[in-house]
Amino acid sequence: MKATTAAQRTTVTSLTPPSTPRLRMEATGARRTLLDGAWWPRSTDPVAELPGLVLALDKVHGPVTRLVLDATGWDPHPRRLGIAGRVLRLGYFTSQPANLLTAICGNDRIDLLVVPADTASGTADAAMILAATTTNLVHAQHILLAVSPPATGQIAGAVEDAWEAEDSRIRLIPSEAR
């Protein structure tokens, strides 16, 4: 059994009011999607960023009781966060896919793409739109690559990863076929 430290039992509360989250959610509430939407925080500080997101999710899905986050995308890693008079449990895992946040609301699970704070606005907007599309078949950890323009303006190599939702398949399209 693993002992908990006093720091892990401490509930952290933001000293500033929650910001309005940059959030895009799938409109129909369909449960057959990979992602329910996307969120673009302004920093990597969970104490500053999560309260606004949690309050927005509360309005749509009911009270959020737990958040599961990718361990590499956040600093610091508080385990308990005070929001609106309640304590929310946070879990940071290296096994959580990159750029994915999972919110637990009662018996509901909400999976959101987390767009890194330093992402260019055009790329962030395209990623959020794709993540919130009901027909999206691209996993969170691949969405930014799917919407980012090539760095050099040319396709490196003979094959470009192209994501197409035709017949519910993902396939590679050779660059010379375009």
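I take buried to mean under 20% relative accessible area, exposed over 50%, and partly exposed in between (1.4 Å probe, protein chains only). The model is predicted, so I use local features only at pLDDT of at least 70 and side-chain atom pairs only at pLDDT 80 or more, while totals for chains, interfaces and linings use all residues. I number residues from 1 along each chain as its sequence is written, and side-chain values use heavy atoms, with hydrogens and water left out.

**Helix 4.** I number helices (H or I, at least four residues) and strands (E, at least two) as DSSP runs from the N terminus. In helix 4, residues 140–147, I found Ala140, Ile143 and Leu144 buried. They lie on the same side of helix 4 because they span an arc of only 90 degrees around the axis; the arc is that of the directions from the helix axis to the C-beta atoms. I then looked up what covers them: strand 7 (100–105), strand 8 (108–114) and helix 3 (121–131) are included.

**The sheet.** I count two strands as paired if DSSP finds at least two bridges between them. The eight strands make an open sheet in the order 1-5-6-4-7-8-3-2, and the pairing is mixed. Strand 1 (11–13) and strand 2 (23–25) are the edge strands, each pairing on one side only.

Strand 2 pairs with strand 3 (residues 37–39) in the antiparallel sense over three bridges. Strand 3 and strand 8 run parallel, also joined by three bridges, and Trp39 has Val114 in strand 8 as its bridge partner. Strand 8 is largely enclosed by the rest of the structure, because five of its seven residues are buried.

Strand 7 and strand 8 are antiparallel over six bridges. They form a hairpin with two residues between them, and Gly106 in the turn has a positive phi of about 60 degrees. I noted Asp108 in strand 8 as the bridge partner of Cys105.

**Aromatic rings.** I pair rings of Phe, Tyr and Trp (its six-membered ring) if their centres lie within 6.5 Å; planes under 30 degrees apart count as stacked, over 60 as edge-to-face and the rest as tilted. By this rule I get one aromatic pair. Trp39 and Trp74 are stacked, at 5.7 Å centre to centre with 15 degrees between the planes. Trp39 is in strand 3 and Trp74 in the loop between strand 4 and strand 5, so the pair ties together parts 35 residues apart in sequence. Trp39 is buried at a relative accessible area of 1%, and Trp74 is buried at 7%.

Key: Contact = heavy atoms within 4.5 Å.
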